[in-house]
Amino acid sequence: MHRAIQRGTTADRRRKQGKLRKCTTRGRGGGMAKVLLLDDEVELREEIAAFLERRGWRVSQAGTVAEFRERAADLAFAIIDVMLPDGSGFDAAAWLRARHRDCGIVMLTARGETQDKINGLVGGADHYLVKPVKLIELDAILQALGRRVASDWRLDRQARVLFAPDGGRLDLSAGEIGLLALLARHPSEAVSRRQIAEAFGFDWVDYDERRLETMVSRLRQRWRGESGSELPLKTVHRTGYAFAAPLMVA
């Protein structure tokens with residue numbers, strides 16, 4: 001019986017790891033981005049997760065499609081098996097691609113027929129790997145995906161969450177959601193304080209601008225505290241505010 005994973009020789013591992021450590025996909029707080037691993041074989045799943053964590057990735061695990069959907073809110077990458085107890089990995093990949101356009105998706109399965117590969121790739125996967133696979137190759141593919149996937153920020157209005165390209169996230173208030181959604185409609189352009197106040201339903205003549213300044217300041221501080229990085233929410237002198245990065249609203 002073939003092993004579902006292969007580690008490669010010690011020399012190969014040392015040589016490849018030395019190269020791969022030069023290229024990282026950073027998540028919040030300086031760590032690697034989050035990977036969600038969907039496989040119903042517990043021993044195999046835990047072995048893959050342990051390896052990826054040693055490589056620096058933040059790994060969350062799921063054994064069913066239902067668990068996968070519950071944990072798919074803030075991931076940057078997904079590794080998905082096909083044959084699952086409560087559904088198909090193909091369907092899980094298609095669902096994820098529809099919900100998270102920028103997520104990197106890797107199918108990792110024993111099903112290696114050409115039609116299976118076509119179904120996976122057409123359905124939303126970026127890569128299709130057939131078991132057994134060397135884990136160092138899986139890590140390299142995640143690294144490569146991190147360099148190629150779209151780098152937009154994403155605002156989920158329904159969940160009230162802001163997602164960074166590296167997988168970082170922040171829960172938002174209704175006011176913060178409204179502000180960022182308005183800025184997203186004017187990419188890299190300044191939106192005046194008056195426009196913002198009136199979008200919130202206030203009369204500009206009576207509006208206290210300090211309310212807006214306080215909201216922006218607190219939002220920046222909370223993002224800095226959660227991620228250790230700066231939010232690209234910029235003050236435009238004598239005008240208003242701009243979000244200085246691509247921001248997709250979902």
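This is a predicted model: local features need pLDDT of at least 70, side-chain atom pairs count only at pLDDT 80 or more; totals for chains, interfaces and linings use all residues.

Residues are numbered from 1 along each chain as its sequence is written, and side-chain values use heavy atoms, leaving out hydrogens and water.

One of the pairs is W57 with F77, edge-to-face, at 5.6 Å centre to centre and 85° between the planes. This pair links distant parts of the chain, 20 residues apart: W57 is in the loop between α2 (42-54) and β3 (58-62), and F77 is in strand β4. Helices (H or I, at least four residues) and strands (E, at least two) are DSSP runs, numbered from the N terminus. W57 is buried at 2% relative accessibility, and F77 is buried at 2%; buried means under 20% relative accessible area, exposed over 50%, and partly exposed in between (1.4 Å probe, protein chains only).

A further pair is F68 with W95: the ring centres are 6.4 Å apart and the planes stand at 65°, so this pair is edge-to-face. F68 lies in helix α3 (residues 65-70) and W95 in helix α4 (residues 89-99), 27 residues apart. Is F68 buried or exposed? F68 is buried, at 0%, whereas W95 is partly exposed, at 23%. Ring pairs also link W153, W223 and F243 into a cluster.

F243 brings us to a sheet. In strand β15, F243 stands opposite L233. The sheet is open, with 3 strands in the order β13-β15-β14 and antiparallel pairing; two strands pair if DSSP finds at least two bridges between them. β13 (191-192) and β14 (233-236) stand at the edges with a single partner strand each, so one side of each has no neighbour in the sheet. Between β14 and β15 (residues 240-243) there are 4 bridges.

Finally, I turn to D81. UniProt, in an unreviewed entry, lists D81 for "modified residue: 4-aspartylphosphate"; UniProt positions are given in the numbering used here, feature names are shortened, and annotations may be inferred rather than shown by experiment. D81 is found in the loop between β4 (77-80) and β5 (83-84) and is buried, at 3%.

Note on methods. Rings of Phe, Tyr and Trp (its six-membered ring) pair if their centres lie within 6.5 Å; planes under 30 degrees apart count as stacked, over 60 as edge-to-face and the rest as tilted.
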